[in-house]
Amino acid sequence: MNKNTKLTGNFGEEITEKFLVKKKYKILERNYNTKLGEIDIIAANKSNIIFVEVKTRGVNSLGFPAEAVTKSKQKKIIKTAFLYLMHNPCELQPRFDVSEVYISENKSYKINYIENAFIQEDDYAAF
């Protein structure tokens, strides 16, 4: 990953974090990293623990950022979420969201936040 890609990703994560805080979500982790994978943001509201994948693109990029969250990427996120929950048990219902952040050259941005962007399809989908 080159430096610009990392900076762009960090910018998108900061925007998403501010968006979630405005919605009164509590940020639990940022860049939760394990040998199984990484989750950009882990947050909670009154009923859910939310695992957020952030995808940031320039406004002239082709396709939608959420399209980059493939089935294999989803499985990695789900496995990583299970690992997080093993170490941090809670009563909240897990939810998997995707945050699409579009940025322009002057650093203005637009966010498209997708709740329940994907689900664990069966009891064994994560393994």
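This is a predicted model: local features need pLDDT of at least 70, side-chain atom pairs count only at pLDDT 80 or more; totals for chains, interfaces and linings use all residues.
The protein as a whole has two helices and five strands, which follow one another from the N terminus in the order α-β-β-β-α-β-β.

**Overall form**

- The radius of gyration is 14 Å, close to the 14 Å that the globule rule gives for 127 residues, so the protein is as compact as a globular protein of that length.
- Along the principal axes, the C-alpha atoms occupy a box of roughly 40 × 30 × 25 Å.
- Of the 127 residues in the protein, 39% are buried.
- Among contacts between residues at least 6 apart in sequence, 57% join residues at least 24 apart.
- The protein exposes about 8,100 Å², and carbon and sulfur atoms supply 52% of that area.

**Helix H2**

- Helix H2 covers residues 71-87, which amounts to 17 residues.
- From its first C-alpha to its last, H2 reaches 25 Å, close to the 24 Å expected at 1.5 Å a residue.
- The buried residues in H2 are Gln74, Ile77, Ile78, Thr80, Ala81, Leu83, Tyr84 and Leu85.
- An α-helix has 3.6 residues a turn, so residues three or four places apart point the same way.

**Aromatic pairs**

- A search of the whole structure finds six aromatic pairs.
- One of them joins Phe11 and Tyr109 in an edge-to-face pair, with 6.4 Å from centre to centre and 80° between the planes.
- This pair links distant parts of the chain, since Phe11 belongs to helix H1 (residues 3-22) and Tyr109 to strand S5, 98 residues apart.
- Because Phe96 lies in strand S4 and Phe118 in strand S5, the pair ties together parts that are 22 residues apart in sequence.
- Phe96 is buried, with a relative accessible area of 9%, and Phe118 is buried as well, at 6%.
- Ring pairs connect Tyr32, Phe51, Tyr84, Phe96 and Phe118 into a cluster; Tyr84 is also one of the buried residues of H2.

**A charge over a ring**

- The charged end of Lys110 sits over the ring of Tyr102, at 5.2 Å from the centre of that ring.

How values were computed:
Residues are numbered from 1 along each chain as its sequence is written. Side-chain values use heavy atoms; hydrogens and water are left out. Helices (H or I, at least four residues) and strands (E, at least two) are DSSP runs, numbered from the N terminus. The expected span of a helix is 1.5 Å times one less than its number of residues. Buried means under 20% relative accessible area, exposed over 50%, partly exposed in between (1.4 Å probe, protein chains only). Rings of Phe, Tyr and Trp (its six-membered ring) pair if their centres lie within 6.5 Å; planes under 30 degrees apart count as stacked, over 60 as edge-to-face and the rest as tilted. A charge sits over a ring if NZ of Lys or CZ of Arg is within 6 Å of the ring centre and within 35 degrees of the ring normal. The radius of gyration is taken over C-alpha atoms; the globule rule is 2.2 Å times the number of residues to the power 0.38. Contact means heavy atoms within 4.5 Å. Accessible areas come from the Shrake-Rupley method with a 1.4 Å probe; for residues, only the protein chains shown count as cover.
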